[in-house]
Amino acid sequence: MKNLSLFKEIETNQTQEGELFKRVRDESLDFRGIPASQEVYAIHPYPAMFHFLLVRRFINELTFEGQWVFDPFCGSGVSAVESYRLNRNFVGYDVNPLAVLISKVRTTPLQTDTLFKVLNHILDGKEHDYTVPKFHNIDYWFDEDVIEELAKIRSKIYSLDDEKVKNFFKVVFSETLRKVSNADFNEFKLVRKKEVRVKPNVREVFYEVARKNILSLQEINTIQSTSKILLIEKNVLEEDLLEEESVHLVLTSPPYGDSRTTVAYEQFSKLSIKWLDLPEDYEKKQLGAKVRKDLKPLPSDELHKSIERIERLDRKRAQEVYSFYHDLYIAIGKIARTVRKGGYAVFVVGNRTVKGVTLPTDKIVADFFTCCGFEHLITLVREISNKRMPKENSPNNVRGQKSATMKYEYVLILQKR
């Protein structure tokens, strides 16, 4: 296994303020001026996406070619793409079926000529039987003529024989419907646009999105990779994971908190999931989805102190916050068992604020991993300058009450002993 010389060098610059939680500010991880959504990552927007340079750095630093990387909250597949690029084998789980679909498309080479040929077939204007999906408020989120055009395009996509090509155009379709809907494209939560806008030409938008995605995939087509890439719609809380001590590196960024008050993944995905007939029950499988009223102790003093402070202000919010960390603790216990001795876990987290109480998720995660036989080596602090995050969130879960979202991410480096 590679050594941590890079991290040891940074550690010598550690400030006294950061000593308690082993935090070190690392400006080299800010990647200022380098968008996270370039190249293949321009295929379909997704909330709170990993910066590919962050992922690339730690895969290079902590693994060799042919070793296994595991991302149990893989989102739109940044760690999968970087593993493919760097000849590492990869397993990725996510409960969100749209995320898994995007991940598969980003890691699947497809010939450019073939995709343009299929694109022309989809938009050739020839009659094809189609059905309009039925779901609550479809006419609120889409104009009538837009619904009809989307239904026609969807029918053509569903008639394709090649599953990989079909998945590619499903992702194009998903991005298109977000652009032509009445929902605000710049919001993660499902919010109707306020301004009067020009009526969209659905076919033109579909063509432009497809063209962009075809060109974005070209880099993947040129990579000579022998990696095995496994992407699975799976819940780390309910399912058996990989074999014990089977991976060399866990590299992931779990949700920062319950989706109701942080990043609303289910609202972001809702319209696409309805149109693409994807499973909707994943909403009940997210961390903290089941609120627990019994606040049993978890192995983190910092968590205990934070929950107590919130509970004095609002017991219900304390229960919701506790429920998220309870599930995260269970998940970490399962994830930790998959790592080989001497292997690493890199967890990228954000420290959110609830009821004026800043939750030190980095220290809480370190405490959880320590209970599972890991040593917390260092936490690198980076400024979030390129991640697509909401400008405001609702930390109190009260309509109209907003606060600015977090400015920094915390990159925990842990090693299994």
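Predicted model: local features only at pLDDT ≥ 70, side-chain atom pairs only at ≥ 80, totals over all residues.
**Cavities**

- A search of the whole structure finds three cavities of 30 Å³ or more, where a cavity is a set of points, on a 1 Å grid over the protein atoms alone, at which a 1.4 Å probe fits but cannot get out, and lining residues have an atom within 4 Å of a point.
- The second largest cavity has a volume of about 80 Å³, a volume being the space filled by probe spheres set on the grid points, which are joined across faces, edges and corners.
- Helix H11 (residues 265–275) gives the largest share of the lining of the second largest cavity, three residues; helices (H or I, at least four residues) and strands (E, at least two) are DSSP runs, numbered from the N terminus.
- By class, the lining of the second largest cavity has six nonpolar, two polar and four charged residues, where Ala, Val, Leu, Ile, Met, Phe, Trp, Tyr, Cys and Pro count as nonpolar, Asp, Glu, Lys and Arg as charged, and the others, Gly among them, as polar.

**Aromatic rings**

- The whole structure holds 13 aromatic pairs, in which rings of Phe, Tyr and Trp (its six-membered ring) have centres within 6.5 Å, and planes under 30 degrees apart count as stacked, over 60 as edge-to-face and the rest as tilted.
- Phe70 and Tyr93 form an edge-to-face pair, 5.2 Å centre to centre with 75° between the planes, and this pair links distant parts of the chain, since Phe70 is in strand S2 (residues 68–71) and Tyr93 in strand S3 (residues 89–94), 23 residues apart.
- Phe70 is buried, with a relative accessible area of 0%, and Tyr93 also counts as buried, at 2% relative accessibility; buried means under 20% relative accessible area, exposed over 50%, and partly exposed in between (1.4 Å probe, protein chains only).
- Phe369 and Phe374 form another edge-to-face pair, 5.0 Å centre to centre with 70° between the planes, and both residues are buried.

**Charges over rings**

- The charged end of Arg192 sits over the ring of Tyr140, 4.6 Å from its centre, where such a placing asks that NZ of Lys or CZ of Arg is within 6 Å of the ring centre and within 35 degrees of the ring normal.
- The charged end of Arg154 sits over the ring of Tyr158, 5.8 Å from its centre.

**Loop residues**

- Most residues other than glycine have a negative phi.
- Lys22, however, has a positive phi near 60°, and this residue is in the loop between helix H1 (5–11) and strand S1 (23–25).
- Glu245 has a positive phi near 50° and is in the loop between strand S4 (229–233) and strand S5 (247–252).

Conventions: Residues numbered from 1 in each chain as written. Heavy atoms only, no water. 1 Å grid on protein atoms, 1.4 Å probe; cavity = no way out; pocket = protein on both sides within 12 Å on 5 of 7 lines; lining within 4 Å.
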